[in-house]
Amino acid sequence: MKRIVILGAGTAGTMMANKLRNTLDKEEWNITIVDQFKTHYYQPGFLFIPFGIYNKEDVIKPKADFIPAGVDMIFSAIDRVEGEANKVYLEGGKILNYDYLIVATGTKTYPEETPGLKDKLWYKEIFDFYTVEGAVALQKFFKGWEGGKLVMAITEVPYKCPVAPLEFVFLADAYFTGIGIRDKVDITFVTPMSGAFTKPIATKMLSELLEEKNIKVIPDFYIEHVDNDGKKLVSYDELEIPFDVLTVVPVNMGDALVERSGLGDDMNFVLTDKETLQSKKFENVFVLGDAANIPTSKAGSVAHFASEILFENLMSAMEGRPLKAKFDGHANCYIETGHGKGALIDFNYDTEPLPGTFPLPGIGPFGLLKNTKINHYGKVMFRWIYWHILLKGKELPVEPLMTMAGKKRVN
Amino acid sequence: MAQKTLAGKTVEVTDEGYLVNRKDWTKEIAIEIAKEEGIELTEKHFEVIEYLRKESAAGAQLSIRKVGKSGIVDIKGLYQLFPGGPLKYSSKFAGISKPASCV
């Protein structure tokens with residue numbers, strides 16, 4: 001019996017387990033998936049929790065519900081991978097041998113990487129919304145808040161779901177307008193990048209949203225530490241931003257097991273061929289989702305598109321053929337803009353987000369780089385699609401590689 | 001996109017003055033772009049620039065933290081070399097694309 005081991009039962013690992021079990025002969029291939037946690041989170045939903053649109057129950061289900069029969073699910077922490085020996089060491093000493101390994105251990109937030117972040121104001125006046133605990137704590141805080149300076153700050157790139165902080169400030173504007181205290185809330189968006197938008201066409205099409213909603217942007221601000229007593233952010237070049245409540249995207253890094261296994265870069269993202277999705281260290285190791293160091297967004301849609309390429313290449317590898325499928329970095333992301341509207345972007349390694357229609361050229365129903373009601377419904381419906389179609393590895397009517405059909409070149 | 005003559009060579013640059021083709025890069029071009037931003041390049045600047053060119057050619061995602069961990073310079077030092085926006089300016093002088101997010 002040959003064996004495929006998948007590390008991580010999040011979006012990427014779960015999709016892959018389903019795809020592989022649907023295809024590979026049960027007599028020939030054992031599939032084993034390992035994860036230390038039992039709960040699957042619908043992470044796109046975290047963003048809605050602070051504003052009371054979703055609650056915790058709306059975003060959690062047992063991981064085991066999505067692992068198909070015929071796949072061995074092991075709940076355990078993972079110590080390390082020994083690539084030369086084709087072995088995975090679980091915590092406690094259990095060893096799994098593999099013929100092929102898929103690393104899908106994702107990215108994690110490390111607030112402790114920024115001095116003063118996880119300190120006395122943590123979950124009192126400083127929050128993240130990349131964990132369910134942070135999102136729920138922020139919901140409670142907002143319920144009693146009477147206004148002041150709300151600062152949304154990004155500590156470092158890359159981070160999971162690059163549009164989420166933007167969506168957060170848009171939804172905050174709508175939320176505080178809705179409860180009648182928008183005039184008492186000052187919203188500031190702080191980024192280490194050169195702006196809230198960095199791609200020329202998206203900047204042209206969407207940056208007016210920030211002005212319209214009276215959201216102040218402070219670019220090129222790289223946080224050195226958070227001053228808890230003075231309630232301010234301090235940058236490496238000694239600039240300061242005061243806050244009453246701080247929402248933050250902590251530093252993202254890959255799982256520490258990547259470091260213990262010698263598979264990654266200095267941020268513990270796995271060194272990965274951006275086209276074949278094969279590890280750069282070992283031929284029989286593949287990487288899916290946020291765990292990879294490929295230069296595209298860390299997002300579920302990327303994991304979904306990449307899973308089809310990885311699947312093809314894994315089949316080729318098993319048959320001793322060259323890896324012919326090439327991933328293009330395709331990503332597709334909704335951007336909630338508040339008041340029941342949203343925008344949509346579709347792009348890859350080489351093509352920045354362009355205006356147009358999606359998925360059907362000329363028809364849509366979704367509008368690319370446009371702020372519409374139907375795009376918002378797309379995001380709302382997506383939660384159902386995620387649980388019922390996407391995780392189960394079923395086909396969606398969207399091609400894995402990006403297409404120019406339906407997009408307009410802009411000068 | 002526009003054409004620009006830098007250190008006697010005509011090259012294509014973006015609207016923000018970043019080289020379109022990394023192969024066009026020379027030390028002399030780096031010095032001239034830096035001058036436009038009011039920065040005089042030293043050996044230390046070039047160590048950072050060479051590191052960025054190497055990492056970017058290998059397909060790595062660049063970040064201020066990554067440069068800080070490179071052993072060449074710490075983050076405070078990087079700010080002193082490239083004040084105001086260290087990754088933005090160092091990438092510009094290195095002839096690689098502007099650090100960008102997805103939108």
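Select helix 5 (residues 86–93) of chain B, which supplies the largest share of the lining of the largest cavity, 3 residues. Helices here (H or I, at least four residues) and strands (E, at least two) are DSSP runs, numbered from the N terminus. The model is predicted: local features need pLDDT of at least 70, side-chain atom pairs count only at pLDDT 80 or more, and totals for chains, interfaces and linings use all residues. Residues are numbered from 1 along each chain as its sequence is written, chains are lettered from A and ligands numbered from 1 in the order in which they are written, and side-chain values use heavy atoms, with hydrogens and water left out.

**The cavities**

A cavity is defined on a 1 Å grid over the protein atoms alone, as a set of points where a 1.4 Å probe fits but cannot get out; its lining residues have an atom within 4 Å of a point. Points are joined across faces, edges and corners, and the volume is the space filled by probe spheres set on them. The count is 4 cavities of 30 Å³ or more.

The largest cavity holds about 140 Å³ of space. Of its 16 lining residues, select the closest to its centre: A:Pro192, A:Met193, B:Ile64, B:Leu87 and B:Lys88. The lining has 10 nonpolar, 2 polar and 4 charged residues. In this scheme Ala, Val, Leu, Ile, Met, Phe, Trp, Tyr, Cys and Pro count as nonpolar, Asp, Glu, Lys and Arg as charged, and the others, Gly among them, as polar.

Proceed to the second largest cavity, with a volume of about 80 Å³. Of the 13 residues that line this cavity, A:Ile154, A:Tyr159, A:Pro162, A:Ala196 and B:Ser101 are the closest to its centre. Its lining divides into 10 nonpolar, 3 polar and no charged residues.

**Chain B as a whole**

Now select chain B, which has 5 helices and 2 strands. From the N terminus on, the order is β-β-α-α-α-α-α. Its C-alpha atoms fill a box of roughly 35 × 30 × 20 Å along the principal axes. Buried residues (under 20% relative accessible area, with exposed over 50% and partly exposed in between; 1.4 Å probe, protein chains only) make up 52% of the 103 residues in chain B.

**Chain A as a whole**

Chain A comes to 8 helices and 24 strands. Its C-alpha trace spans about 65 × 50 × 40 Å along the principal axes, and buried residues make up 61% of its 411 residues.

**Helix 7 of chain A**

Select residues 300–318 of chain A, the 19 residues of helix 7. At 1.5 Å a residue (times one less than the number of residues), this helix should span 27 Å, and its end C-alpha atoms are 26 Å apart, which agrees. At A:Ala306 the helix bends by about 25 degrees, the angle between axes fitted to the seven residues ending there and the seven starting there. Just after the helix, A:Gly320 takes a positive phi of about 75 degrees.

**Two single residues**

Select A:Thr198, in the loop between strand 13 (185–190) and helix 4 (200–206) of chain A. A:Thr198 is buried, with a relative accessible area of 7%.

Finish at A:Ile345 in strand 22 (residues 341–347) of chain A. A:Ile345 is buried, with a relative accessible area of 0%.

Note on methods. On a 1 Å grid over the protein atoms alone, a cavity is a set of points where a 1.4 Å probe fits but cannot get out, and a pocket is an open set with protein on both sides within 12 Å along at least five of seven lines; lining residues have an atom within 4 Å of a point.
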